[in-house]
Amino acid sequence: MKKVESSFRRTDKKSFILGSIVATLIAATPYLFYLYESVPDEQVWNTFLFTYESKHYGSVFVLAWTLANKIIPLFLLLIWFFTCRHWWYHVLLVPIAMFTFQIFTIFNDDQSYIDSNQILFLIPIMTIIVPSIYLIRAKMFNKINDADKTMQELEDEFRIRPKGFMNRLKEYF
C-alpha cells in the first residue's frame with residue numbers, strides 16, 4: 001500500500017521544479033511589492049528605455065505604489081487559480097477580473113477615482129460565474145441525497161485534475 005503514489009503528491013522532477021518555482025515566487029511577493037520604492041518621486045521619470053509622465057497622480061512614485069497594491073494580489077490570485085484543485089476555483093475569476101480592471105483604470109488618466117463603479121463592470125462576469133458555482137453545488141447535494149458519498153468524495157469527483165499549465169490555460173481561452 002505504501003508503493004501507491006497519490007496523484008496529488010507527485011514526486012517527479014518536473015513537479016518538484018515547478019512547485020519550487022511557484023513557492024519561490026510566492027515567497028518573493030513582499031520583495032516584489034517594495035520594488036515601487038526604487039521609482040523616483042517625480043512627475044516625469046526618464047530612463048534609457050522610456051519616459052513616463054504621471055499626469056493624474058502627480059508622481060510616478062505614487063503610481064508605482066498604487067500599481068504594486070493591485071499587481072501583487074492579482075499575481076497571487078492567478079497562482080491560486082491555476083494551482084487550485086477544488087470544484088469552486090472558477091469563483092476566483094471575480095476578484096481576478098476586479099484587480100485586472102483596476103490596473104487598467106490606473107492607467108486611464110481620465111478617471112478621477114480609481115476604485116469607483118467597478119461593480120458595474122463585474123456584474124456580467126459575476127452573472128456567469130456565481131450561478132455556475134451554485135449549480136455545481138446543487139448537483140453535489142443532489143448526489144449526496146442519492147448516494148452514500150461523503151462531501152470529500154464528491155469534491156474529488158468534481159475536481160479538475162491539472163494537465164499542465166498550457167493545457168489548463170487552453171481550457172479557458
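A residue is called buried here when its relative accessible area is under 20%, exposed when over 50%, and partly exposed in between (1.4 Å probe, protein chains only). Ser 59 counts as buried because its relative accessibility is 6%.

A quick word on ground rules: this is a predicted model, where local features need pLDDT of at least 70, side-chain atom pairs count only at pLDDT 80 or more, and totals for chains, interfaces and linings use all residues. Residues are numbered from 1 along each chain as its sequence is written, and side-chain values use heavy atoms, with hydrogens and water left out.

Back to Ser 59: you'll find Ser 59 in the loop between strand E2 (51-53) and helix H3 (60-83). Helices (H or I, at least four residues) and strands (E, at least two) are DSSP runs, numbered from the N terminus.

| Residue | In contact with |
|---|---|
| Ser 59 | Pro 40, Asp 41, Glu 42, Gln 43, Ser 54 |
| Leu 77 | Leu 92, Pro 95, Ile 96, Phe 99 |

Now for H3 and helix H4. Their axes (lines fitted to C-alpha atoms, for helices over the stretch in contact, with angles from 0 to 180 degrees between N-to-C directions) come within 9 Å and cross at roughly 155 degrees. H3 is therefore roughly antiparallel to H4, a label for angles over 145 degrees. Among the residues making this contact are Leu 63, Thr 66 and Leu 77 of H3, plus Ile 96 and Phe 107 of H4.

Technical notes:
Contact = heavy atoms within 4.5 Å. Parallel < 35°, antiparallel > 145°, perpendicular 65-115°, else oblique. Lists of a residue's contacts leave out its neighbours within four places in sequence.
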